[in-house]
Amino acid sequence: MAGHSKWANIQHRKGRQDAARSKLFSKLSKEITVAAKMGDPDPEKNPRLRLAVKEAKSNSVPKDVIERAISKSQAGDGDDYEEIRYEGYGPGGVAVIVEAMTDNRNRTASTVRSTFGKHGGNLGETGSVSFMFERKGEIVYAADVGDEDTVMLAAIEAGAEDVESSEEGHTIYTADTDLNEVSTALEADLGEAESTKLIWKPTTTTELDLDGAQKLMRLIEVLEDDDDVQRVTANFEISDEVMEQLSA
């Protein structure tokens, strides 16, 4: 089984679609506006904003869009956004965490609850599934940045916790509070990362067959399509055989 990177692969394919890219730009811009509003509008003095800008750049968000998002924060936009985490179970008993940023808590809660119900899941209380995940920093580099030993050594020197290397690339994990510091150190050594962000890393996973995987993907796609939803994480595992059928 090589399930750890499959979710990212599916996300990447979706991200290449124009409609998905437009929505992704909007979500990344919202994160930049809120981060700038909560702290200093200078990314060098605001770690959360710096990470948001890095993630936006790695997803090819144009510089003028990033600057406009920061300017919005100074104009008073982003005042009313509230960060909320929803937790529940999807098809097959898979644990799902939904991170949202909304100016209307009731609207978002209603939509998320309805989406879970319509797609074979159920929404739980906060804390009902997050114990099956750890909050971590994740830094992703392309495979050609260096071999496994080179990246491992750079990650250790930068203060990272763990590295997973494969032919698809290198994923470096850090403590959530160390992400900004470690990513800055790695950037000096390995160059700019493909992705730098905080994630929920599953400590336990549930394996799905094709039917279960299709149902879960549909739930996640509908959730991600909502403008209030920033990110969806699930602790599923799928075999190479099921992955091929999903990709067909």
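A search of the whole structure, which is a predicted model, finds zero aromatic pairs.

The domain assignment divides the protein into three parts. Domain 1 covers 16-75, and domain 3 covers 132-202. Domain 2 is given as 82-131 + 204-247, so that its two segments stand on either side of domain 3 in the numbering.

Attention now turns to the interface of domains 1 and 3. Their C-alpha centres are 21 Å apart, and seven residues of domain 1 are in contact with 11 residues of domain 3. The size of an interface is often given as the accessible area lost when the parts come together. For this pair of domains the buried area is about 760 Å², with 43% of it on carbon and sulfur atoms. On the domain 1 side, the residues that lose the most area to domain 3 are Leu51, Lys54 and Glu55, which together account for 61% of what that side buries.

Lys54 returns in the polar part of the picture. One salt bridge is counted between domain 1 and domain 3, and Glu187 forms a salt bridge with Lys54, with 2.8 Å between the closest N and O atoms. The two domains also have six residue pairs in polar contact. As for composition, the side of domain 1 that touches domain 3 has four charged residues, two nonpolar ones and one polar one.

Technical notes
Residues are numbered from 1 along each chain as its sequence is written. This is a predicted model: local features need pLDDT of at least 70, side-chain atom pairs count only at pLDDT 80 or more; totals for chains, interfaces and linings use all residues. Side-chain values use heavy atoms; hydrogens and water are left out. Contact means heavy atoms within 4.5 Å. Buried area is the accessible area (1.4 Å probe) that two parts lose on being put together, summed over both. A salt bridge is a side-chain nitrogen of Lys or Arg within 4 Å of a carboxyl oxygen of Asp or Glu. A polar contact is a pair of N or O atoms within 3.5 Å; within protein, one must be able to donate a hydrogen and the other to accept it, and residues adjacent in sequence count only if both atoms are side-chain atoms. Ala, Val, Leu, Ile, Met, Phe, Trp, Tyr, Cys and Pro count as nonpolar, Asp, Glu, Lys and Arg as charged, and the others, Gly among them, as polar. Rings of Phe, Tyr and Trp (its six-membered ring) pair if their centres lie within 6.5 Å; planes under 30 degrees apart count as stacked, over 60 as edge-to-face and the rest as tilted.
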